[in-house]
Amino acid sequence: MQFHLDGFRPGDPDVHAPAADLRDRSGPLPETIDVLIAGCGPAGLCLAAQLSLEPSIRTMIVEPKLTPMEKGQADGINVRSMEMFQAFGFADKVKRESVWINETTFWSPDPANPGHIHRVGRVQDVADGLSEMPHVLINQARVHDLFMDVMKNSPTRLEPDYGLKVVDVVVDPAADDYPVTVTLEHTSPEREGQRETIRARYVVGCDGARSSVRQAIGGALHGDAAHQAWGVMDILAVTDFPDYRMKAIIQSAGEGAILVLPREGGYLVRLYVELDQLAEDERVADRGMGVDDIIAKAKRILAPHTLDVKEVVWWSIYEIGHRLTDRFDDVPADQAATRAPRVMLAGDACHTHSPKAGQGMNVSMGDAFNLGWKLRAVLTGRAAPALLHSYTAERRAAAKSLVDFDHRWSRVVGNRPEDDTDAAMPRVQREFIANGDFTAGLTVCYEASALTGAGQHQALATGFPIGMRLHSAPVIRLADAMPMQLGHVIDADARWRLFLFAGAGDTGQPGAPVAQLCDFLETAEASPLRRFTRAGENIDAVIDVRAVFQPGFRDLVYPAMPSLLRPHKGRYGLCDYEKVFCADLKSGDDIFTMRGIDRAAGCVVVVRPDQYVAEILPLDDHAGLAAFFAGFLLPTS
C-alpha cells in the first residue's frame, strides 16, 4: 500500500485523515444527507464503506436493530467476493480468520444398507486457475465488522445509526435537490415509535426481503416457494462422521438431505438440514418446529454416524423461496429517458433464494460494489445522474441468473438419490462440477453499453473477457522487483484502470506504442486524463494508468519509462514507482500467455472501478480510448 505522499504519516496507514465538517453524532439527525442507506447487512455496509472513502459525500446508514450482528445468517464467501475484499484491503485478514473450503464430498444411501449413508464422491471445491483467492467460510457478523472498520477509519468516520428504521420514502421528481423525503422511526425503548424526517439526494434500500424501501416505490417480489422447510444451526459437537471438516452434501434414503459446512475457528460447524414438506398454504411457523427437531433429523440422516451436540450457537428454520423484484429503482420504464433513479434496491430487498448455494451475501455485496462507484461518480460531478440507470440494467440480470440457478440447485440437493440413474457419479456431484464457475461468482457478464464494449478487439486478450471481472495473474513490479498479482493494484477508490500490455520489442522506448499512448494521454487535448482530471488533482485521480512489459525485470530500465508511468504527485511532487510491471518469468507464470494477450501487438485493457473489464483496444487506438470515456464521464470544463 502507498502512503506518506503528502508528508510523513505515523501510525496505522489504514486510518485516513478526517474530512472537514464531520457530523456531530451527539446532536439531532441532519436535515439533509447525500445518501441514506437502509439496512446494515452485507449490501448496506459494502455500499457505506465505499461512500465513506469520499470526503465530500455525506452518507447515513440506519438499522432497526439496536446493536451490530454477532452471529448467524450467511457464512460463505466465494472467490469473487474475496477479490472484492482485496480491493477494500481486508482479504488477507479474512484468509487468516476463515476456514478454507478445499474439498467437497458427496454422500448417498449405502446400497447394502439403505438406512446408512456412505461417501460416493469427492471433488476439489474450486477448480485450479479460476482465481488466486480461496473459497472460505466466516461469520457474516465478522464481514460486517470489517466493512465497519473501513467506515470508521475513513475520512468521513462513518458509523451506523442503530435504532432507526425506514417506514416511508417519497420522491418528488420535480425537485432539483434533496428530492427524497424519508420517514424514520425510532426503535430503541426510550424513543420507540417516535418519527423524524430527513431529505436525501439518494436512498438505497438494503433492508431485506420485507423491504420498506421497496414497498414505498411500489416494488414487489415475484416468484415461487418450494414449500420445503429447512433448518440451519451452528453447533459445537462431537461426531464420528469422517468429513466433518469438509464441505459435505449428504442425501439419505428417506430422511432428506444435509449440507455440512465447517466454520472458522477449527471446531464450529454449520448444518443445513432438510425438514418437512409443507402444504400449499402452510408456512414454517405453523409447524412449531424448533432446534430439537433439527438435531433429531440430523442424527437420523447421518446414520450410522453419531452426532452429540454440545452447544447450539445459533439456529433458524426457514422456507425456501426464489423471488425477484420487478424493479431495482424508482423510475418507471416509460420515464427512464427523462428521469434518473433516486431510490435503488440492493441485496435481499430485490432477490431472495435459498442459502444452499452460498450466494446470497456474495450477490448482495456484488450489487453494492456495482452501485457504490457509480454513486461516487455522480455525487462528485464526474458523471451525469443518468449513469445510475446502468445499475438496474446490470444487476437485475445478475440477480435473475442467481434466482434461476438456485431454483434448479435446490431441487438437485433435495432430489431423492434413488431417482438418479447414473451409477458412475451422483447427479448432485455432476451439477456441482458443472456449475463451479457460477458458485465461485465468476459468471456475471455485463452486456454491451456505454460502460462495456462490444468486443470488437477481444482477440487481443482472450483471457480478459469483456464484461466479466478482471482475472488477475502474477507480475513483477519493475521498480522494486516485487512479485504480486496485477489485479491487486485495484482499490475500492472509484478510479478506472488502464492496463497497457506492451507488444513484442516494446520496452517503453520513445516512439514505441506504449510511449506513444502515454504521450497522448499526458499531453493531447483529447486525452481522457486531461479532459476528466481537474486542476490540482493528481494525474491518476480519475484514470490510473499501468503498463506491463514482456521482458523480465532485469532487462528493463525504469528511468527510461515514459514520464506518465513515473508520475510526480502530491504536494511534494514525489515519484510514484508502482506503475510499471513485467511478466513473471522467474516463476514461469507469464501473464501474456496465461491471459491470451497478443504478444506481437499488445493491447489496452480498460477496467472499471468494480474490477470488471470494460473494453479492450489496440495500443494505437487513441481516438477509440478517448471516445470510450467521453461516453459517460463529464469534462472538467
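Let's start with Ala494, which is partly exposed at a relative accessible area of 25%. On the cut-offs here, buried means under 20% relative accessible area, exposed means over 50%, and partly exposed is in between, using a 1.4 Å probe and protein chains only. Ala494 isn't a glycine, yet its phi is positive, about 70°. You'll find Ala494 in the loop between β20 (482-485) and β21. When I say helix or strand, I mean DSSP runs, H or I of at least four residues for helices and E of at least two for strands, numbered from the N terminus.

Before going on, keep in mind that this is a predicted model, where local features need pLDDT of at least 70, side-chain atom pairs count only at pLDDT 80 or more, and totals for chains, interfaces and linings use all residues. Residues are numbered from 1 along each chain as its sequence is written, and side-chain values use heavy atoms, with hydrogens and water left out.

Gln611 is another residue other than glycine with a positive phi, near 80°. Gln611 sits in the loop between β26 (603-607) and β27 (613-617). Is Gln611 buried or exposed? It's buried, with a relative accessible area of 6%.

Gln611 also turns up in the lining of the largest cavity. By cavity I mean a set of points on a 1 Å grid over the protein atoms alone where a 1.4 Å probe fits but cannot get out, with lining residues having an atom within 4 Å of a point. Searching the whole structure gives 2 cavities of 30 Å³ or more, and the largest has a volume of about 80 Å³. That volume is the space filled by probe spheres set on the points, with grid points joined across faces, edges and corners. Besides Gln611, the lining includes Arg80, Glu83, Glu132, Arg469 and His488.

The peptide bond from Ala303 to Pro304 is cis, with omega near 15°. Pro304 is in the loop between α6 (291-302) and β16 (307-325).

Now back to β21, residues 496-501, and on to its partner β22. Strands count as paired if DSSP finds at least two bridges between them. β21 and β22 run parallel, joined by 6 bridges, and Phe501 has Val548 as its bridge partner in β22. How many of the residues of β22 are buried? The count is 7 of the 7 in residues 543-549, so the strand is largely enclosed by the rest of the structure. Ile543, Val545, Ala547 and Phe549 point one way, Asp544, Arg546 and Val548 the other, and all are buried.

What about the nonpolar cores? A core here is a set of buried Ala, Val, Leu, Ile, Met, Phe, Trp, Tyr and Cys residues joined through side-chain atoms within 4.5 Å. The largest has 117 residues, and Leu36, Phe85, Phe147 and Phe629 have the most contacts inside it. Helix α7 (residues 360-379) gives the largest share of this core, 9 residues. Leaving aside neighbours within four places in sequence, Phe85 is in contact (heavy atoms within 4.5 Å) with residues including Ile77, Phe147 and Met365. A second, separate core has 26 residues, among them Trp107 and Val269.

Last, the cysteines. How many disulfides does a search of the whole structure find? It finds 0, taking a disulfide as a pair of cysteine sulfur atoms within 2.5 Å. For Cys40, the nearest cysteine sulfur is that of Cys206, 9.4 Å away. Cys40 is buried, with a relative accessible area of 9%. For Cys206, the nearest cysteine sulfur belongs to Cys350, at 8.3 Å, and Cys206 is buried with a relative accessible area of 9%.

Key:
On a 1 Å grid over the protein atoms alone, a cavity is a set of points where a 1.4 Å probe fits but cannot get out, and a pocket is an open set with protein on both sides within 12 Å along at least five of seven lines; lining residues have an atom within 4 Å of a point.
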